[in-house]
Amino acid sequence: MKDLEQALELEVSQQKRFNATQPKVWLRNECVRVGLAETLCTYVMMVFGLGSVAQVVTGQGAFGEYLSINLGFGLGVAMGVHVGGKVSGAHMNAAVSFTMCMFGRLSWKMLPLYIFAQLLGSFLAAGTIYGVYYDAIHEYCGGNLTVTGELATAGIFATYPAPYLSLMGGFIDQVLGTALLLLCLMALSDQRNKPAAAGTEPIAVGLLVLLIGISMGRNSGYAINPTRDIAPRLFTAVAGWGMDVFRAGNGWWWVPLVAPPIGGVLGAGLYKVLVEMHHPHVSEPGDGLMEEFDEKAAPLKKQKIICANTCTIPDSLLDKMLSLSLAKLTKPDP
């Protein structure tokens, strides 16, 4: 116990010196911080994704192909998770946010904030890519901004169905694609199964989006994201393409708006029912042993609470010292 007290005193003194030089937090309002982070990470993801499409289309195959678009969106998602993952969770997708609300992982009152941030980030990204590729787009189509045809450019910003695809087929396509997205996201975050290793979450999510793109992108461009599709579509409507962006594909625009949330709930629910609900409880084996540990560790836990109220010691350090003390208490006598 004396060694533990000395370690605590040393950590308190080091933490005080650290806090003396630590910069003040500029924004303390959680909603503001979450909204800004979600907007920025969505913007980053969409700039890379739409930029890859613009390069392939205007370059007429000389600067990439369909795989380039898949890589652009996949790596764009990974960068987006790095940008906002620890603040907002980097949903970047209204179907993800809606599903998290359905399963109690996000408060319903936060849903409008997430959707607004994602719409804003996507809209600004569409404007950015239009500005960056303005000359290339007009050189490619001769200044005639069209939604369909050989020189159509609206598909740079929003998704449109293949000529052979029916609305029902497209609806099923979007439901299935988003279901697989949320099913795998649930698995990657399930700490009691086989989650992504700590620090590799962004690239794991990016590879998941890449996988969906290279396997299910032929029919309609795998939007699997309402806010990713509708915001750039609105931008193209006001930027020169007109209302044809809503009439094309037999009124396709509502499919990537409605189908992904349904697919997200189905996919996440399927994982929960078939896998997550059947994990064994951690406390089942050796319940008596755990109770004995709790009794012996009571004074240490009390000391941890007191220290937490009087000084700023990281919980990770306190937990580590508590574990070491438990090991000493439970070590058999020689």
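**Close-up views of a predicted model**

**View 1. Cysteines in the model.** Cys41 is buried, at a relative accessible area of 0%, where buried means under 20%, exposed over 50% and partly exposed in between (1.4 Å probe, protein chains only). Cys141 is also buried, with a relative accessible area of 7%. The whole structure contains 0 disulfides, a disulfide being a pair of cysteine sulfur atoms within 2.5 Å.

This is a predicted model in which local features need pLDDT of at least 70 and side-chain atom pairs count only at pLDDT 80 or more, while totals for chains, interfaces and linings use all residues. Residues are numbered from 1 along each chain as its sequence is written, and side-chain values use heavy atoms, without hydrogens and water.

**View 2. Helices α9 and α11.** The axes of α9 (residues 226–241) and α11 (residues 255–274) cross at roughly 170° and come within 8 Å. Therefore α9 is roughly antiparallel to α11 (angles under 35 degrees count as roughly parallel, over 145 as roughly antiparallel, 65 to 115 as roughly perpendicular and the rest as oblique). Pro226, Asp229, Ile230 and Arg233 of α9 meet Pro256, Leu257, Pro260 and Pro261 of α11, contact meaning heavy atoms within 4.5 Å. These contact residues comprise 6 nonpolar, no polar and 2 charged.

**View 3. Helices α9 and α10.** Helix α10 (residues 244–251) packs against α9 at an angle of about 120°, with the axes 9 Å apart. That angle makes α9 oblique to α10. On the α9 side the contact is made by Ile230, Arg233, Leu234, Thr236, Ala237 and Trp241, and on the α10 side by Asp244, Val245 and Phe246. The residues of this contact divide into 6 nonpolar, 1 polar and 2 charged.

Methods:
Axes are lines fitted to C-alpha atoms, for helices over the stretch in contact, and angles run from 0 to 180 degrees between N-to-C directions. Helices (H or I, at least four residues) and strands (E, at least two) are DSSP runs, numbered from the N terminus. Ala, Val, Leu, Ile, Met, Phe, Trp, Tyr, Cys and Pro count as nonpolar, Asp, Glu, Lys and Arg as charged, and the others, Gly among them, as polar.
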